[in-house]
Amino acid sequence: MKALITGATSGIGRCMARELSYRGWELILTGRNEAELKKLQRELGHTEIITAELADKNEVFKVYEFCREKSVDMLVNNAGYGIFGKFDETDLDDEIDMINVNITAVHILTKLFLRDFKKRNRGRIINVASSAGFMTGPLLSSYYASKNYVVRLSLAIAEELRREKSAVRITVLCPGPVSTNFNDRAGVTFSMKPITPEYAAKYALNKAFSGKVIAIPGLKIKAGLLAAKFVPHRLLPVFVYEIQKRKKSANGGGV
């Protein structure tokens, strides 16, 4: 069995690589940091690597072509990041790159590998989204919107597969805060205790292998998302804004 993992050099992606390697899987790992990829390759064995900047769609297609004849059984779309700030103040170029990584790359790889998996009537896709994918997120507006896209796309594909009685499976991982470099990249500090990337990775894989479509680790996050369903759409952003503002304040900055 062989898995492709994007964003494999840190956080959940790296932990998924280690967990799958422990379970006997061969790996294809991609990321921007070639040194970290080579380090993982030496650590895990049975691993191929390909450096890629997924903000560039040509690089995304390069990754697919690299994997095309390698009988990949699982795709893990893990690469992604967030940008904090008011929508009119965040850097547009950085934001477009984020959208390309969080949405365009996920869309392309999901579509291309799904076609291959359906031809063989086997294969699994894990799309790493966020609990943010179920909400509106002022001060992290584009990030929340991008994860909404990943959640809704994954759920729609899951229904199509169910109706076709396909053996192909898709799972969307929707964690709350995870102790990765996300907060450093976004320039914030989590307002609640994060789970470990090791736990998130194992949880996602266990849910995927058991055929679950949605994987939400942590009782607090599950309870919060359930409660959010009963909050009027106009009020939810008010509450989320206050939560996001505290993240920046805890990091020593203002809004």
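User: Which element gives the largest share of the lining of the second largest pocket?

Analyst: This is a predicted model. Two elements, α8 (219-228) and α9 (236-250), each give two or more residues to the lining of the second largest pocket. With four residues, the largest share of that lining comes from α8.

User: How much space lies in the second largest pocket, and which residues are the closest to its centre?

Analyst: The second largest pocket holds about 340 Å³ of space. Its lining is made up of 15 residues. Those closest to the centre are Phe134, Arg152, Leu225, Ala228 and Lys229.

User: By class, how many nonpolar, polar and charged residues are in the lining of the second largest pocket?

Analyst: The classes can be read with Ala, Val, Leu, Ile, Met, Phe, Trp, Tyr, Cys and Pro counted as nonpolar. On that basis, the lining of the second largest pocket has ten nonpolar, two polar and three charged residues.

User: Are α3 and α4 roughly parallel or roughly antiparallel to each other?

Analyst: Helix α3 (residues 57-67) packs against helix α4 (residues 92-120) at an angle of about 25°, with the axes 9 Å apart. Angles under 35 degrees count as roughly parallel. The two helices, α3 and α4, are therefore roughly parallel to each other.

User: Which residues make the contact of α3 with α4, and how do they divide by class?

Analyst: In its passage across α4, α3 makes a right-handed crossing. The contact is made by Lys57, Val60, Phe61, Tyr64 and Cys67 of α3, together with Ala105, Ile108, Leu109, Leu112, Phe113 and Asp116 of α4. By class, this contact of α3 with α4 has nine nonpolar, no polar and two charged residues.

User: Why are α1 and α7 oblique to each other, and what is the handedness of their crossing?

Analyst: The axes of helix α1 (residues 11-22) and helix α7 (residues 197-209) come within 8 Å and cross at roughly 60°. That angle makes α1 and α7 oblique to each other. As α1 passes α7, the crossing is right-handed.

User: Which residues of α1 and α7 meet, and what is their division by class?

Analyst: From α1, the residues are Gly11, Ile12, Cys15, Met16, Glu19 and Leu20. They meet Pro197, Glu198, Ala200, Ala201, Lys202, Ala204, Leu205 and Phe209 in α7. By class, the contact of α1 with α7 has ten nonpolar, one polar and three charged residues.

User: How do α1 and α2 pack, and what is the class division of their contact?

Analyst: α1 and helix α2 (residues 34-44) pack at an angle of about 20°, with their axes 11 Å apart, and are therefore roughly parallel to each other. Their crossing is right-handed. Arg14, Ala17, Arg18 and Ser21 of α1 make the contact with Glu36, Leu40, Glu43 and Leu44 of α2. The residues of this contact of α1 with α2 divide into three nonpolar, one polar and four charged.

Terms used:
Residues numbered from 1 in each chain as written. Predicted model: local features only at pLDDT ≥ 70, side-chain atom pairs only at ≥ 80, totals over all residues. Heavy atoms only, no water. Axes fitted to C-alpha atoms, helices over the stretch in contact; angles between N-to-C directions. Parallel < 35°, antiparallel > 145°, perpendicular 65-115°, else oblique. Left-handed = near helix turned anticlockwise from the far one by under 90°. Contact = heavy atoms within 4.5 Å. 1 Å grid on protein atoms, 1.4 Å probe; cavity = no way out; pocket = protein on both sides within 12 Å on 5 of 7 lines; lining within 4 Å. Points joined across faces, edges and corners; volume = space filled by probe spheres on them.
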